[in-house]
Amino acid sequence: MSQKEIPYKIYLEENETPTAWYNLRADMKNKPAPLLNPATHEPMSKEDLAPVFCEELVNQELDNTTRLIHIPKEIRDFYKMYRPSPLVRAYCLEEKLQTPAKIYYKFEGNNTSGSHKLNSAIAQAYYAKKQGLKGVTTETGAGQWGTALSMACSYFGLDCKVFMVKVSYEQKPFRREVMRTYGASVTPSPSNETNVGRKILEEFPGTGGSLGCAISEAVEVAVSTPGYRYVLGSVLNQVLLHQSVIGLETKAALDKYGIKPDMIIGCAGGGSNLGGLIAPFMGEKLRGEADYRIIAVEPASCPSFTRGTYAYDFCDTGMVCPLAKMYTLGSSFMPAPNHAGGLRYHGMSSTLSQLYDDGLMEAVSVKQTDVFAAAEQFARVEGILPAPESSHAIKVAIDEALRCKENGEEKTIVFGLTGTGYFDLVAYQKFHDGQMDDYIPSDEEIAESLKKLPQF
């Protein structure tokens, strides 16, 4: 098989679900920068990462060369409960907008977790069980990842400890209860249960927390508890690898009908959904086989791509995790209590950061009230109440469709509808009651946080 050929259909089961994950890094000329040991500033080795992550996940994290990685049968069997997920043409939205554009969305909300997060959660739980571990720890922002992981751990009989960003813990009590239903313990972060949590509370009294805070707490508990490892729902290379099933299915469906998208749009927090959706399309772009316009959409309240700096930074607020080279606002950046809780991370995937820095994709930031207006417009015509995170992609898809209308262009738009918003009704209520604001950090706030980037 030549370097330029990836016969995707060979790697699909009869129901068109992938039998292998696609490792985008294998086709990247400029590989993502390695994770660094915060003490030595040397690249992290398997031995460095083994006390934190599961052994096989460490191998996947560090693998920059294997293009296709086999999906174990146990994981494929679980996928069959909800995959392939539907690729839907938004006929009603097109009609409402009176646009010549064709709009498609890949809907990942057809499972109890309500989002794409289950694609990686079941893989990580599987490898933890295979290693003989007792349990795992993690963080969650909006709650989708925590819900997905609690489901996966329940399936394999693992203990699951979740640190949930405090503002989301308070805004989304029912998401918390779903996790508890599946047997997980859920702690609002920052908490008094860990050394790093107490330190953050002392420095930022009354804070609503951040994903960076919750990561620090989850890692501390994992490395100090025998038989446990830490698992992460976004950002890491291994997670983007697992999420490639989204893009592989999307491409297979489009190819089946001879459709080539002009642009692919995804929300961007840490990068799991976006990285998974764009993977095979970006692969073609990297190999010079096709070209696509790829757009990352992030909240204006936490704009790591559009206003961050490309540099090595801590992955967590407590500065206990490895250093990653990424677009970052600084690990001490505390986002406003934005309702898109899954997009409140200070940095971005190293893989996506490298692609963005190489000019292979674009990024835009959008205001919260505009996002919810787009979410409501979509819900009223397409019949799905979207998650706030997903609605960032909806907002830009609508903008691009209206631009096609203005210019008389019949372009094809594909976006990722990462999940449903039925646990986000407090946010919708605040939008409807006019109580939602559009806080945007000042240049001074971001500059102050970036001053604390590690210097070496």
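Guide: Let us begin with pairing: two strands pair if DSSP finds at least two bridges between them. Helices (H or I, at least four residues) and strands (E, at least two) are themselves DSSP runs, numbered from the N terminus. This is a predicted model, in which local features need pLDDT of at least 70 and side-chain atom pairs count only at pLDDT 80 or more, while totals for chains, interfaces and linings use all residues. Residues are numbered from 1 along each chain as its sequence is written, and side-chain values use heavy atoms, with hydrogens and water left out. Here, strand β10 (residues 293-299) runs parallel to strand β13 (residues 362-366), joined by five bridges. Within that pairing, Ala-296 has Ala-363 of β13 as its bridge partner.

Visitor: Which strand is joined to β10 by five bridges and runs parallel, besides β13?

Guide: Strand β9 (residues 263-267) is joined to β10 in this way, and Cys-267 stands opposite Val-297 in β10. A crossover is called right-handed if, with the strands pointing away from the viewer, the path from the first strand over the helix to the second runs clockwise. By that criterion, β9, helix α13 (residues 272-286) and β10 form a right-handed β-α-β unit.

Visitor: How many residues of β10 are buried?

Guide: Buried means under 20% relative accessible area, exposed over 50%, and partly exposed in between (1.4 Å probe, protein chains only). Six of the seven residues of β10 are buried, and the strand is mostly covered.

Visitor: Why is strand β5 described as largely enclosed?

Guide: Strand β5 (residues 135-140) is largely enclosed by the rest of the structure because six of its six residues are buried. Burial applies to both faces: Gly-135, Thr-137 and Glu-139 lie on one side, and Val-136, Thr-138 and Thr-140 on the other.

Visitor: Which strands pair with β5?

Guide: Strand β6 (residues 159-165) pairs with β5 in the parallel sense over six bridges, with Thr-140 opposite Met-164. Strand β8 (residues 228-230) also pairs in the parallel sense with β5, over three bridges, and there Tyr-228 is the bridge partner of Gly-135.

Visitor: What does Thr-187 contact beyond its neighbours within four places in sequence?

Guide: Contact means heavy atoms within 4.5 Å. Thr-187, in strand β7 (residues 185-189), is in contact with Val-162, Phe-163, Met-164, Tyr-169 and Glu-193. Thr-187 is buried, with a relative accessible area of 12%.

Visitor: What radius of gyration does the protein have, and what would a compact globule have?

Guide: The radius of gyration is taken over C-alpha atoms, and the globule rule is 2.2 Å times the number of residues to the power 0.38. For 456 residues a compact globule would have a value near 23 Å, and the protein has 20 Å, which agrees. The C-alpha trace spans about 60 × 55 × 45 Å along its principal axes, and 64% of the 456 residues count as buried.
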